[in-house]
Amino acid sequence: MKKRLNFALIGAGRIGKVHAETIAFRIPETALTAVCDIDAGAADAIARRCGIPRAAAGTAEIFADPAIDAVMICSSTNTHANLIIEAAQAGKHIFCEKPIDHSLEKIDRALEAVHKAGVKLQIGFNRRFDPNFVRVRRSIATGEIGTPHLLHIVSRDPGPPPLAYIKVSGGMFLDMTIHDFDMARFLVGSEVTEVYAAAGVRVNPDIGKAGDVDTAVIVLRFANGVIGTIDNCRQAPYGYDQRVEVLGSLGAIATENCYPNRAVISTAESVRRDLPLNFFMERYAESFANELQAFVEAIVHDRQTPVTGLDGRIPVVMALAARKSHEEGRPVMLDEIAAEEARLETITP
Ligand SMILES: NC(=O)c1ccc[n+]([C@@H]2O[C@H](COP(=O)([O-])OP(=O)(O)OC[C@H]3O[C@@H](n4cnc5c(N)ncnc54)[C@H](O)[C@@H]3O)[C@@H](O)[C@H]2O)c1
């Protein structure tokens with residue numbers, strides 16, 4: 001076993017920068033030896049900031065380099081599936097941001113390539129590594145709150161992304177709720193069988209004109225009988241709102257938002273505190289570091305990654321079911337999505 005794992009970063013945007021900093025500064029068993037972005041300026045900026053020795057001209061250069069053990073795919077979603085295939089064929093371990101793709105057929109091709117190559121693949125569902133949600137999972141897994149009955153996930157962004165982003169995002173269910181779909185099955189430890197999405201445009205009519213929704217409640221039915229809700233909005237004026245509550249036969253467990261400080265300001269008018277941490281980079285900083293540490297350990301100890309390709313695929317099925325439910329105004333069984341994909345595959349050349 002080599003002493004250090006050499007990583008390369010593909011995609012030097014918002015999330016690429018977060019992961020580059022983790023690999024470069026927080027995980028001593030790793031070195032970040034190359035970065036690549038179609039925007040050379042973005043790659044150069046991260047290379048300078050994180051002391052990365054090489055900004056590669058293209059991904060081919062990264063895949064051809066035998067000294068690189070693993071790649072982090074942090075480019076736009078539409079590039080993930082092909083990059084996974086190329087990385088797997090080059091024998092690189094792969095950390096890939098969510099979602100793998102919006103098409104199950106493309107996801108399956110990517111997962112097949114990973115399987116054939118025998119490399120590790122971990123999908124970037126970082127919230128599983130947030131210490132609050134880890135504690136919720138533990139209370140369910142150990143029976144601390146008894147048999148779980150109800151799950152509530154509140155997941156509201158501080159503000160909507162730019163319209164240009166929304167137009168290529170695949171829609172709110174595939175872009176934003178996908179994290180909550182993963183969280184739901186991770187926390188409950190059972191698969192969702194049916195979803196019903198009541199969704200609308202409440203924040204910005206332009207989001208509706210772009211064909212998307214910005215506000216939704218999604219009801220989930222799990223195979224083990226648990227009933228869940230996900231409450232999403234693209235805008236919460238008080239900041240990033242990320243909470244979970246589970247009710248079980250012996251009690252409940254709930255998590256609060258994370259704050260930059262614990263100060264409470266009391267005056268004659270009110271008792272108040274500062275707003276929660278504003279967005280995912282701050283709120284989930286620890287989880288981003290923890291997920292990469294877990295990926296590194298999976299490689300070093302040759303064990304399964306904690307968020308597999310299948311874990312990446314299932315929330316996409318849930319998101320497609322939610323979209324169908326919204327479009328058709330009815331609950332949708334997840335099985336219907338698999339059946340529809342199979343039908344589409346037979347009629348698509
Ligand atoms: N886990 C999370 O919480 C989280 C948060 C944000 C984004 N994401 C995911 O990460 C991905 C990137 O999102 P972002 O917000 O960082 O986007 P971004 O637009 O800030 O960055 C994407 C970068 O990829 C580059 N790029 C595009 N195609 C490329 C290619 N073929 N080769 C190399 N570079 C390429 C772009 O030039 C850009 O610099 C998306 O799939 C998104 O869903 C996950």
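**Close-up 1. Residue composition of the shell around the ligand in the predicted model.** The shell comprises eight nonpolar, 10 polar and five charged residues; Ala, Val, Leu, Ile, Met, Phe, Trp, Tyr, Cys and Pro count as nonpolar, Asp, Glu, Lys and Arg as charged, and the others, Gly among them, as polar. Gly-11, Gly-13, Arg-14, Ser-75 and Glu-97 come nearest among the 23 residues around the ligand (a residue is near a molecule if its C-beta atom, placed from the backbone, lies within 6 Å of it). Helix α1 (residues 14-25) supplies three residues, the largest share of this shell; helices are DSSP runs (H or I, at least four residues), numbered from the N terminus. Residue numbers start from 1 along each chain as its sequence is written. In this predicted model, local features need pLDDT of at least 70 and side-chain atom pairs count only at pLDDT 80 or more, whereas totals for chains, interfaces and linings use all residues.

**Close-up 2. Domain 1 (5-119) and domain 2 (128-286 + 314-338) of the protein chain.** The bounds come from an automatic or database domain assignment. The C-alpha centres of the two domains are 27 Å apart. Eight residues of domain 1 are in contact with six residues of domain 2 (C-beta atoms, placed from the backbone, within 7 Å). On the side of domain 1 that touches domain 2, five residues are nonpolar, two polar and one charged.

**Close-up 3. Helix α5 (residues 104-117) and helix α13 (residues 309-328).** The axes of α5 and α13, lines fitted to C-alpha atoms over the stretch in contact, come within 10 Å and cross at roughly 175°, with angles running from 0 to 180 degrees between N-to-C directions. The two helices, α5 and α13, are therefore roughly antiparallel to each other (angles over 145 degrees). Leu-104, Ile-107, Leu-111 and Val-114 of α5 make the contact with Gly-309, Arg-313, Val-316 and Val-317 of α13.

Terms used. Two residues are in contact if their C-beta atoms, placed from the backbone, lie within 7 Å. Angles under 35 degrees count as roughly parallel, over 145 as roughly antiparallel, 65 to 115 as roughly perpendicular and the rest as oblique.
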